[in-house]
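Student: I would like to go through this model term by term. For each label, please give the value and the cut-off behind it.

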Amino acid sequence: VVDSEVSQPCLAVSRVAWQRGAASCCSMGRPHPYLEHLPYLPGQCWTVPCPYGGGRCLPRATSNQRFVINVGHQTLELTYPLLAASMAAGSAPESIWWQFDALPLTRELLALAFPSTRLHFGPANGPRGCLTTKSFRPSPRGMDVHQAGALRRLVWSKCGIASRPPSAPLRVRVLDRPRSGGGSKNQCRLPGPHAGGRRLSNATVAALRSQLPVALLSAGVADAPLEVVYLPDRPDSLCDQARRFGEADVLISPHGAHLVHIPQLSPAAVFVEVTPWAAAWLGHFASVAASIRLRRLQLCSLRPPGERSGLAEAQCGRDKRRDVGCLYNAMNCYELEVVSRNGTSPCAKGQGRCRCIGPALRQAVAWAKEARAASGAVGVAERRTSGRPLLRSTLARPWGRPS
């Protein structure tokens with residue numbers, strides 16, 4: 001429910017009346033999803049102020065502020081912590097006031113998770129008559145495994161995504177950025193023509209395709225083709241985005257904001273992230289994967305040669321630290337090439353966290369096979385690859401029935 005005002009009769013429900021079991025405040029005639037198991041406090045308002053100070057957040061059309069235009073930062077550091085706080089506290093607010101321009105994904109997630117909470121977006125027309133207020137600032141603390149499982153059940157139920165049976169062929173999917181070069185708010189910052197867009201190079205996709213049969217054979221898994229799916233130039237619906245992740249057993253994708261949907265991967269899935277050479281240290285999605293017990297592997301791209309990226313010593317200099325910083329700013333100028341034409345790759349050059357394509361694929365397929373077998377033997381979909389069942393806690397129940 002999106003509304004600009006809070007009805008006054010709702011504010012008349014006293015705390016004593018709530019303790020005696022008063023009807024759901026502002027429920028628009030429908031029971032609040034938390035009311036059956038958890039308390040619901042009338043007059044409780046949550047606010048998400050502009051991270052840059054009051055009035056400093058610009059409209060999306062004219063802004064370059066990361067919490068305004070970047071779906072990765074907004075979702076990971078604001079939306080997910082807000083959802084996690086609700087489940088951890090065991091309560092839902094009467095109103096949520098997002099005080100700047102919210103991205104479509106945030107609006108869809110909040111409307112889905114809080115169907116009876118009044119949602120307010122923008123600097124004006126906030127809720128009135130709040131008894132208590134809780135404010136959210138950007139935070140790296142996201143969801144844990146139980147909270148992510150609850151959100152996944154909710155999204156899968158809405159979108160009609162079903163757990164794949166263990167007998168189904170293993171699905172290894174490459175989710176690549178658009179070949180048109182779109183799909184990113186961060187454009188190349190270096191002069192000159194650049195054919196990149198931080199997508200996987202043709203050589204890298206070819207190497208993945210050639211190594212996959214060997215990985216499937218070594219794990220004793222039936223042969224299956226490598227699926228290559230491209231992100232759209234413009235973000236589409238929550239269900240379309242979640243389906244690209246939920247349908248995969250092994251997902252291979254370049255680093256980018258679209259990876260905020262890795263909580264929508266099956267509990268038995270394996271995630272392989274391909275990082276740019278100058279951003280191999282980035283740990284955003286490594287932290288998310290660890291907190292939700294999702295098995296993750298990393299492939300690292302080669303340093304782009306000067307003649308392809310347009311970088312020269314005059315631009316970046318010989319100093320290694322300055323060189324890395326210069327290339328970091330130019331991530332969107334070039335493709336991610338994990339295997340070069342002569343077969344060299346970062347995994348052979350002492351970069352410990354980077355894996356070679358062959359061993360990474362063999363490990364990912366083995367993990368996925370093991371997890372699917374364990375899940376099928378027990379008959380429980382909500383099971384992590386460690387074999388430990390996901391507890392259906394009271395906090396997770398209101399977010400949707402188990403699939």
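Tutor: Start with contact, which means heavy atoms within 4.5 Å. Leaving aside its neighbours within four places in sequence, Asp249 has such contacts with Arg164, Pro169, Leu170, Arg171, Ala268, Ala269, Val270, Ala368 and Arg372. The model is predicted, so local features need pLDDT of at least 70 and side-chain atom pairs count only at pLDDT 80 or more, while totals for chains, interfaces and linings use all residues. Residues are numbered from 1 along each chain as its sequence is written, and side-chain values use heavy atoms, with hydrogens and water left out.

Student: Where is Asp249 placed, and why is Asp249 called buried?

Tutor: Asp249 sits in the loop between helix H8 (238-246) and strand E7 (250-254). Helices (H or I, at least four residues) and strands (E, at least two) are DSSP runs, numbered from the N terminus. Buried means under 20% relative accessible area, exposed over 50%, and partly exposed in between (1.4 Å probe, protein chains only). Asp249 has 7%, so the residue is buried.

Student: What makes the link between the side chains of Asp249 and Arg372 a polar contact?

Tutor: A polar contact is a pair of N or O atoms within 3.5 Å; within protein, one must be able to donate a hydrogen and the other to accept it, and residues adjacent in sequence count only if both atoms are side-chain atoms. The side chains of Asp249 and Arg372 are joined at 3.4 Å. A polar atom of the Asp249 side chain also lies 2.8 Å from the backbone nitrogen of Arg171.

Student: How do you know that Arg153 is buried?

Tutor: Its relative accessibility is 5%, and Arg153 therefore counts as buried. Arg153 belongs to helix H6. In sequence, Arg153 and Gln264 are 111 residues apart, but C-alpha to C-alpha they are 8.7 Å apart in space.

Student: Which residues make the contact?

Tutor: Leu109, Leu112 and Ala113 come from H5, and Leu151, Leu154, Val155 and Lys158 from H6. They divide into 6 nonpolar, no polar and 1 charged.

Student: What makes E3 and E4 edge strands?

Tutor: Two strands pair if DSSP finds at least two bridges between them. In an open sheet with parallel pairing, 4 strands follow the order E3-E2-E1-E4. E3 and E4 (132-135) each pair on one side only. From one strand to the next, the twist averages 20°.

Student: How many bridges join E2 to E3?

Tutor: E2 (residues 95-98) and E3 run parallel, joined by 4 bridges. Ile96 has Leu119 of E3 as its bridge partner, and Trp98 stands opposite Phe121. H5 packs on the sheet, touching E2 and E3, and its direction makes about 165° with that of E3.

Student: What makes both faces of E3 covered?

Tutor: Arg118 and His120 on one side and Leu119 and Phe121 on the other are all buried. Across the protein, 52% of the 403 residues are buried.

Technical notes. Nonpolar A, V, L, I, M, F, W, Y, C, P; charged D, E, K, R; others polar. Axes fitted to C-alpha atoms, helices over the stretch in contact; angles between N-to-C directions.
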